[in-house]
Amino acid sequence: MAQAETILRFDSASFRFGETRTILDDVSCNVRSGMRITLMGQNGAGKSTLFKLITGELQPDEGAIHVSHGFTVATAKQVIAPAEKEMTVRAFFEQYFTEEKIYDLDRRIADALEVVNFTAPLDKLVKSFSGGQQARLLLASALIQDPDLLLLDEPTNNLDKAGIEHLTDFLIDYHKTVIVISHDADFLNAFTDGVLYLDVHTHKVEQYAGDYYKVVEEITTRIEKENMKNARLAKDAQAKKDQAGIFANKGGKLRAVAKKMREAAQDYEDNKVDVRREDKTIKKFMIPCQERIGGTILRIESFLVIKNHEPVTKVKQIWMKKNEHLLLQGPNGIGKSTLLESLASGTAEGATVSKDITVGYYRQDFSTLNFKHTVIESLKEAAHRNASEQDVRAVAAGFLITSDMIKTQVGHLSEGQKGLVSFARLVLQRPGLLILDEPTNHINFRHIPVIAAALDAYQGTMILVSHVPEFVEQIRIDRILDLDGK
């Protein structure tokens, strides 16, 4: 197989959802065998949809998308489907071989899990594993198919540091073709050969060569030049308009001159470059704390951790008051998300939340959201009773929730957009206890410093789980609870 052979080609491909939402518009590009490519774009631009077009799950409306004859494709998706969570580990992997009988399936599962640095009983249900462990199962499910083209959709989400390092080493040595969607810049820069950039405004795919940081710098420089050009054209257009106004007031033949001035001004306006919507960042925000709360907000006496797939009770006293921030640490599968969920639901054995405390819970799989609600219904449901519809819409706008998006069902949003809706809900809810489980998953890297600043300034009680040290470093942490500690 020649290294330079084209494995994937887009030929004037267009795709849209319904009449109004365009994803691709007359896109032509290609990917060659053996390349390791990053797919970039704003939350909601359609990156995951692009993967579905490559696999054939969706078909373009015009043009064509070709995977070279004889080449196979497999995708490691962002999340495990609800039906798959009810499967055993063996059945989860077996579903990828419906057209052939695999006599050594258990060995192949073990080999795939070894690549992602994970062991799991084959008769255990998928839903019993943590988010990070499920992320490893998703990756292994793609690797077990031994595809020529591997598509990874946010593969570092929920992975701890060891898991990310293991995946990075694997991709550096990977000899086949891979396309990765991720917001983890350091992870991407470790192995990327080039970038496909999906522009949410033009619906085109731009192709760049080079490592991730080099491409980001190149795109940033181009945007700065575009903005400078726009500023210059706007200034020239306004000058022509001012001149046109002067000549128009003089009457006679000078009105014709004024008309030409106005036409020149319009030409300047028409030549302005469209501002890239995907380069917008959410507005600075704060999460208001519930009023009139004090004393001990949260009391933890004991908690469960998972050791060798079995629950073990640990005893440790932690009392938290208003304006205290706790970082919860531990490897994938030890029980961090389980503890957070039990605290949020009030079912934790050995822990109590003070009466009448409003709990704001950012869950990594967004299962606290009603996917059948429209965005505006979801925001109104979470909003403090004193919030008006104008307040709700103003908060939504700050999180780049447009007038079209606000009418969309939550289930139809991208994972990144669901994350922004979840943060908007927390702002409107005004919690006294804020529980956050991997809040940077799926979020565009431009938004993360803004989110970190809001959490740093939060004046209620906060418990945070995050495997992104650069994010945690920007947030005030008063206490650390390591579930794997003594």
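Predicted model: local features only at pLDDT ≥ 70, side-chain atom pairs only at ≥ 80, totals over all residues.

Q: How many disulfides does the structure hold?
A: The structure holds zero disulfides.

Q: Is Cys29 buried or exposed?
A: Cys29 is buried, because its relative accessible area is 8% and the cut-off for buried is under 20%.

Q: And Cys289, buried or exposed?
A: Cys289 also counts as buried, because its relative accessibility is 18%.

Q: Changing topic: at what angle do helix 11 and helix 12 pack?
A: Helix 11, residues 375–382, packs against helix 12, residues 389–398, at an angle of about 115 degrees. Their axes lie 10 Å apart, and the crossing is right-handed.

Q: Which residues meet there?
A: From helix 11, Ile376, Leu379 and Lys380 take part, and they meet Glu389, Val392, Arg393 and Ala396 of helix 12.

Q: What is the make-up of that contact by class?
A: The contact of helix 11 with helix 12 has four nonpolar residues, three charged residues and no polar ones.

Q: Which residues of helix 11 are buried?
A: Val375, Ile376, Ser378, Leu379 and Ala382 are buried in helix 11.

Q: Why do they line one face of the helix?
A: Seen down the axis of helix 11, the buried residues fall within an arc of 160 degrees, so they line one face. As background, an α-helix has 3.6 residues a turn, so residues three or four places apart point the same way.

Q: What covers those buried residues of helix 11?
A: The cover includes helix 12 and also helix 13, residues 415–429.

Technical notes
Residues numbered from 1 in each chain as written. Heavy atoms only, no water. Disulfide = S-S within 2.5 Å. Buried < 20%, exposed > 50% of the residue type's maximum accessible area, 1.4 Å probe, protein only. Axes fitted to C-alpha atoms, helices over the stretch in contact; angles between N-to-C directions. Helix = DSSP H or I, 4+ residues; strand = E, 2+ residues; numbered from the N terminus. Left-handed = near helix turned anticlockwise from the far one by under 90°. Contact = heavy atoms within 4.5 Å. Nonpolar A, V, L, I, M, F, W, Y, C, P; charged D, E, K, R; others polar. Arc of directions from axis to C-beta.
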